[in-house]
Amino acid sequence: LDFLLLFLVSDEEEVSPPSALPPEWSIGESPAGEEQDKQNANSQLSILFVEKPQGGTVKVGENITFIAKVKAEDLLRKPTVKWFKGKWMDLASKAGKHLQLKETFERHSRVYTFEMQIIKAKENYAGNYRCEVTYKDKFDSCSFDLEVHGKRIFFGEGQDDAGELDFSGLLKRREVKQQEEEPEVDVWELLKNAKPSEYEKIAFQYGITDLRGMLKRLKRMRREEKKSAAFAKILDPAYQVDKGGRVRFVVELADPKLEVKWYKNGQEIRPSTKYIFEHKGCQRILFINNCQMTDDSEYYVTAGDEKCSTELFVREPPIMVTKQLEDTTAYCGERVELECEVSEDDANVKWFKNGEEIIPGPKSRYRIRVEGKKHILIIEGATKADSAEYSVMTTGGQSSAKLSVDLKPLKILTPLTDQTVNLGKEICLKCEISENITGKWTKNGLPIQESDRLKVVHKGRIHKLVIANALTEDEGDYVFAPDAYNVTLPAKVHVIDPPKIILDGLDADNTVTVIAGNKLRLEIPISGEPPPKAIWSRADKAIMEGSGRIRAESYPDSSTLVIDVAERDDSGVYHINLKNEAGEAHAAIKIKVVDLPDPPVAPTVTEVGDDWCIMNWEPPAYDGGSPILGYFIERKKKQSSRWMRLNFDLCKETTFEPKKMIEGVAYEVRIFAVNAIGISKPSMPSRPFVPLAVTSPPTLLAVDSVTDTTVTMKWRPPDQIGAAGLDGYVLEYCFEGSDNWLPANKDLIDKTKFTITDLPTDSKIFVRVKAVNAAGASEPKYYSQPILVKEIIEPPKIRIPRHLKQTYIRRVGEAVNLVIPFQGKPRPELTWKKDGVEIDKNQINIRNSETDTIIFIRKAERSHSGKYDLQVKVDKFVETASIDIQIVDRPGPPQTVKIEDVWGENVALTWTPPKDDGNAAITGYTIQKADKKSMEWFTVIEHYHRTSATITELVIGNEYYFRVFSENMCGLSEDATMTKESAVIAKDGKIYKNPVYEDFDFSEAPMFTQPLVNTYAIAGYNATLNCSVRGNPKPKITWMKNKVAIVDDPRYRMFSNQGVCTLEIRKPSPYDGGTYCCKAVNDLGTVEIECKLEVKVIYQGVDTPGQPVFLEGQQQSLHNKDF
């Protein structure tokens, strides 16, 4: 509500306080609700403030400044500070003549200083103020009071007299007594019982400035008060007192010994001349003298841990209308002012028109001006609609008056005049009347609508109609009629237009082009009033209207020149002349007759490629009267009659390169010339030509081998050979320092490998090769560097595949095919031995090549098991390698199977291992049983590792036979050994005497059953080292690298499962190569085993020293590759 935002002004002043207080009065604390308690808690913590604003006192007309300081050490940006009056009025919007807000920042102390300065204080500026500071999630606030002292007044009955009386004071005293005779109205009770829609009316009538805060307090006070043990009688929910009056708060204690404290807005109330405390038995009384608007707040009293609260409402005295409104008469357009006076300065006043409230605003015609006690309603430019009854209302009275607005007598000072204007000129109709009123313009009786070309201007008493760029349709009768008057001002407008020829549709030089044989109809727009007469002529000879091949035609808004079947001779300059009463006009138009161009001369083919050619031609002799825009090119096979266009975009040049032709096929080409008219006839065909091209250069030229007198080169065929095919190759060489290339082969060679012979030893040569076909020799392919003619000895090196570095195991009857790559130059000598003896080539096939050797056994037998040694020798260099081959078969059956004992449902069996283990370790046994009656065999135990077992859960009364199979990695033995005797499970029980066994000692020192093997690993791929160990008690396993224990290294992972020990090396690098050791320790001993790990880095199949590394499965694919 707007009136709530005003400071209330009062002439009353506060009473001077007494000099002393009675000694028996108690001192209490100040009130606050839950919200105020939270703010006080924040204030006590002093989260942000380093200096809080303090309350103060100022006299009317003087200045006062409040200061708050905030420390900025922990703040990244400036905090936000707001100043409030009361509970909700933000003072930022009130800054101006009487209020200024400032802020500064001291860099050396990093302190923000915020100031609020009140200039020329008025009495109604007194009250409670609050300063709030926020920064992100931090908040701090502080409340303080401002007291404004001025003249002294006389208070009513029950109030202290603070000084002498003056005349104005006596008047006020007399008014107070008169009001006391009237029944007192409790605004608090009115608001409690009123509807929300009536709150605003009650607030205005009884001078409530903080309606929003009062409603919040009303809502809070409607809550039910809890029963109190400390208070026998609590405070009333609310108290009401007039400004300057005295109020009495009374509570009654259940225990008179309890200490009582009074609070206002959370701050303790100290005794003073304003606040007086009184004790009467269990009653505790607080008197507040000379109540001002700053005392309008929440109060509470505490006794022990309990409290009760109340609201105090201070009511302003009513505002009276001291000077009534007066009836007023005015003319339309005049400024009207309605004036009244009230009893107080800057009082809140409402204006009404016919009972409806007038709300001034930026778009309103009403303005309200306040000059102290004067309130003036201003109406700018009054109209008849402003005639009404106007009233003003205050909190203590109202006044009304009537406003009558009439029209003034109208006089025509300047009438409209008739006008004649040229077409395109401005038309301006102007008149002046005695009054500043609006009016309407009409043309030929119809209202005129404003546009970009037509503007209606009203400035004071002058009215204008301005028409820019007059048109013929603007001619007519115009009338201006002032509003509200029965008066018209007429005028006539006449528009004239001299003849004009409009050539906007022609070129800049007024040239018209027509194709030979076509009809030309040239229509030229014309204008003029009256319509002009048009005359066409050529070479001073008039062209008459009629039916000839060249004739003229006339129309109201145009003139037309017609030429039937245009010819080249019709080209020339034609003239048109216009004439009417307003003047003459002349124009010259050039007509140009154009035709198709002549065909070009036959083109010439200057160069031929594999699928392309280059052709040239000359422009045609006659371009048809229009420039040549370009050419179309067509081609066809010589044996065909079908021409194919080669370009869809015009070729601007006189040369072209046809492509995508077939090699070896004869072609012809021809040309079309194109101008703006169309396409000429085709030229004569060119002479036939055949596309043919040499091949691309050979590829991958490389050195195959070098001796002391020869160099062998190899290469690959060209990537593109073409239709001419490939006849052969020419290999050429030249010595270093010379440019003389010598052919190595006299005749063309078909192969892609050739040896250059008879070369001097230790010389250096450059080599190149060319491919030759019917079109000639291709571009040469050069070897990138000179070649030294000298044989190079490369020491031999054997590349054992990874899967052959451990024992190679195959079953009897399977094929053995092992490829062992090696290196060495010249071609090495190879020797194979088995167990130190030369290999019998009748049983084992050996095949050797320049890069590998193959050992092949079609059907392996157990006799083929053993150690195979390979020796590779080049000159005096020797390299050896060994491969272990193990041929395995099924084992034989156990030698004997015996029944050791039978008791109850159990049978104890023992047996001896087989003589023949199949060249592989026995992995277990399978035991079967059969009832003597059926002799059907059923498996009892599988994969059993020991040579004795107990068969249980046999059927009593049956007789059983047992047999045992041996098992190794190839499977079960073909036969089984059966018990000679049978085992009878007796029905009658017998006492079983447990045999006496000596305790078996299972203790065993650690022993490796499978050793570590030297291993090669590839950099970047995980590698594992495996071995198996046995021992009791279970040995502790320790891995070492280069005799240093591996402990808590994330690059290594160690596993141990059923005696199998594994060391995994994650993505090894050459640094991880070395000697690895596995150490097993228990109480009976210690054992160690070592192996070597070499890590290779592969670059496109070649490791770091320059030797190939084969992975399992790669040796066959790399067999035919060059290293």
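Reply:

Strand 53, residues 728–735, is mostly covered: seven of its eight residues are buried. This is a predicted model.

Start with the partners. Strand 53 runs antiparallel to strand 56, residues 764–773, and eight bridges join the two. Glutamate 732 has arginine 768 of strand 56 as its bridge partner. Strand 53 also runs antiparallel to strand 54, residues 742–743, with two bridges between them. Here tyrosine 733 stands opposite leucine 742. Strand 53 and strand 54 form a hairpin with six residues between the strands. Glycine 737 in that hairpin takes a positive phi near 90°.

Five strands form an open sheet in the order 61-68-67-63-64, with mixed pairing. Strand 61 (808–811) and strand 64 (837–838) stand at the edges; each has a single partner strand, so one side of each is left without a neighbour in the sheet. Strand 61 pairs with strand 68, residues 877–888, in the parallel sense over four bridges. Arginine 810 stands opposite isoleucine 887 of strand 68.

Another arginine deserves a look. Arginine 670 sits in strand 50, residues 667–675. Its relative accessible area is 17%, so arginine 670 counts as buried, the cut-off being under 20%. The side chain of arginine 670 makes a polar contact of 2.8 Å with the side chain of glutamate 634. Beyond neighbours within four places in sequence, arginine 670 is also in contact with residues including Phe632, Trp643, Met684 and Pro685.

Aspartate 540 gives a contrasting case. Aspartate 540 lies in the loop between strand 39 (533–538) and strand 40 (541–543). With a relative accessible area of 83%, aspartate 540 is exposed. From aspartate 540 to tyrosine 574 is 34 residues in sequence and 9.3 Å in space, C-alpha to C-alpha.

Next, the cores. The largest nonpolar core has 29 residues. Among those with the most contacts inside it are Phe66, Trp83, Met116 and Tyr129. Strand 3 (64–71), strand 4 (80–85), strand 7 (111–118), strand 8 (127–135) and strand 9 (138–149) each supply at least two residues of this core. A second, separate core has 24 residues, including Leu520, Leu578, Ala585 and Val593.

Not counting residues up to four places away in sequence, methionine 116 touches residues including Phe66, Trp83, Leu101, Tyr129 and Phe144.

Aromatic rings meet here too. Phe66, Trp83, Tyr129 and Phe144 form one aromatic cluster. The count for the model is 20 aromatic pairs. One of them joins phenylalanine 66 and phenylalanine 144: a tilted pair, 4.7 Å centre to centre, with 35° between the planes. Phenylalanine 66 lies in strand 3 and phenylalanine 144 in strand 9, so the pair ties together parts that are 78 residues apart in sequence. Both phenylalanine 66 and phenylalanine 144 are buried.

Last, confidence. The protein chain averages a pLDDT of 83, and 86% of the residues score at least 70. Over residues 1–45 the pLDDT is below 50. That stretch has 142 contacts in the model beyond near neighbours in sequence. Residues 151–184 also have a pLDDT below 50. Their stretch has 31 contacts in the model beyond near neighbours in sequence.

Methods:
Residues are numbered from 1 along each chain as its sequence is written. This is a predicted model: local features need pLDDT of at least 70, side-chain atom pairs count only at pLDDT 80 or more; totals for chains, interfaces and linings use all residues. Side-chain values use heavy atoms; hydrogens and water are left out. Two strands pair if DSSP finds at least two bridges between them. A nonpolar core is a set of buried Ala, Val, Leu, Ile, Met, Phe, Trp, Tyr and Cys residues joined through side-chain atoms within 4.5 Å. Buried means under 20% relative accessible area, exposed over 50%, partly exposed in between (1.4 Å probe, protein chains only). Contact means heavy atoms within 4.5 Å. A polar contact is a pair of N or O atoms within 3.5 Å; within protein, one must be able to donate a hydrogen and the other to accept it, and residues adjacent in sequence count only if both atoms are side-chain atoms. pLDDT is the predictor's confidence in each residue, from 0 to 100. Rings of Phe, Tyr and Trp (its six-membered ring) pair if their centres lie within 6.5 Å; planes under 30 degrees apart count as stacked, over 60 as edge-to-face and the rest as tilted.
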